[in-house]
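Open the model in your viewer and keep the selection tool ready.

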Amino acid sequence: IFMVLSLLSIVYGALRCNILSIKIKYDDYDIRVKPAAYLCIFMWRSFEIATRVTVLVLFGSVLRIWIFLVVLLNFLGFCLYPWIIFWLSKSPFPENIEKELSRVGTTIVLCLLTFLYAGINMFCWSAAQVELSDPDLISKSQNWYQMTVYYIVRLMENAFLLLMWFIYKTDFYLYVCAPMLVLQLLIGYCMGIFFMLVFYQFCHPCKKLFSSSITEAL
């Protein structure tokens, strides 16, 4: 019961962050989110987060040391990515985050922001993409390429982790139909991707402002 309540609260938080990020990106427009959009986001985040957490738990239950390496690589990768993009852009260091902050304080704030960004992306696609070169620190454009790469790599990673769990599973899972569980988790993650595609293709409140639809980008 507590696990279900925790999952629902996290999914609800992800849903609110999705809506908030849309309003921030398109603050010049009157945003009206329809019930179908709420439903698509809820289903998208439910399948995505639930399957991701389950995959990590299963893998960590049989390879307890290696799960730390998986988490560390994910965290460091997403944490360093905004800084690498910022360095490649050769943009000036952000100075207008808060007038009272020194350069050291601004650096600490940006590090905490990227830590939060990395923690979210370990489990689901972040609603707002961090862009340190932007004055608002978030990307205002819809990058279909990044999203596509993220979900392809994440699906491959989940499949690999499930394969390792299937190979090294212990007698604890003797009465679990392992192939069926693996199939259900992979289908569940694909269902999350499906609802995400439906949201951006049909239910996004600002889909008319996109330079290209997600199907055209794919």
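**Stop 1: Tyr200**

Select Tyr200. Leaving aside residues up to four places away in sequence, Tyr200 touches Trp44, Gln142, Trp144, Met147, Lys207, Phe210 and Ile214. Touching means contact, with heavy atoms within 4.5 Å. This is a predicted model, where local features need pLDDT of at least 70, side-chain atom pairs count only at pLDDT 80 or more, and totals for chains, interfaces and linings use all residues. Residues are numbered from 1 along each chain as its sequence is written, and side-chain values use heavy atoms, without hydrogens and water.

**Stop 2: the cores**

Now select Trp44, Met147, Tyr151, Met196, Phe199 and Tyr200. These have the most contacts inside the largest nonpolar core, which has 29 residues. Such a core is a set of buried Ala, Val, Leu, Ile, Met, Phe, Trp, Tyr and Cys residues joined through side-chain atoms within 4.5 Å; buried means under 20% relative accessible area (1.4 Å probe, protein chains only). Which helix gives the most to this core? H6 does, with eight residues. Next, select Val55, Leu56, Val182 and Leu185. They are among the 16 residues of a second, separate core.

**Stop 3: H3 and H4**

Show helix H3 (residues 66-89) and helix H4 (residues 103-121). Helices are DSSP runs (H or I, at least four residues), numbered from the N terminus. The axes of H3 and H4 come within 8 Å and cross at roughly 135°. Axes are lines fitted to C-alpha atoms over the stretch in contact, and angles run from 0 to 180 degrees between N-to-C directions. Finally, select Phe75 and Trp83, among the H3 residues that meet H4. By class, this contact has 11 nonpolar, three polar and no charged residues. Here Ala, Val, Leu, Ile, Met, Phe, Trp, Tyr, Cys and Pro count as nonpolar, Asp, Glu, Lys and Arg as charged, and the others, Gly among them, as polar.

Conventions
Helices (H or I, at least four residues) and strands (E, at least two) are DSSP runs, numbered from the N terminus. Buried means under 20% relative accessible area, exposed over 50%, partly exposed in between (1.4 Å probe, protein chains only).
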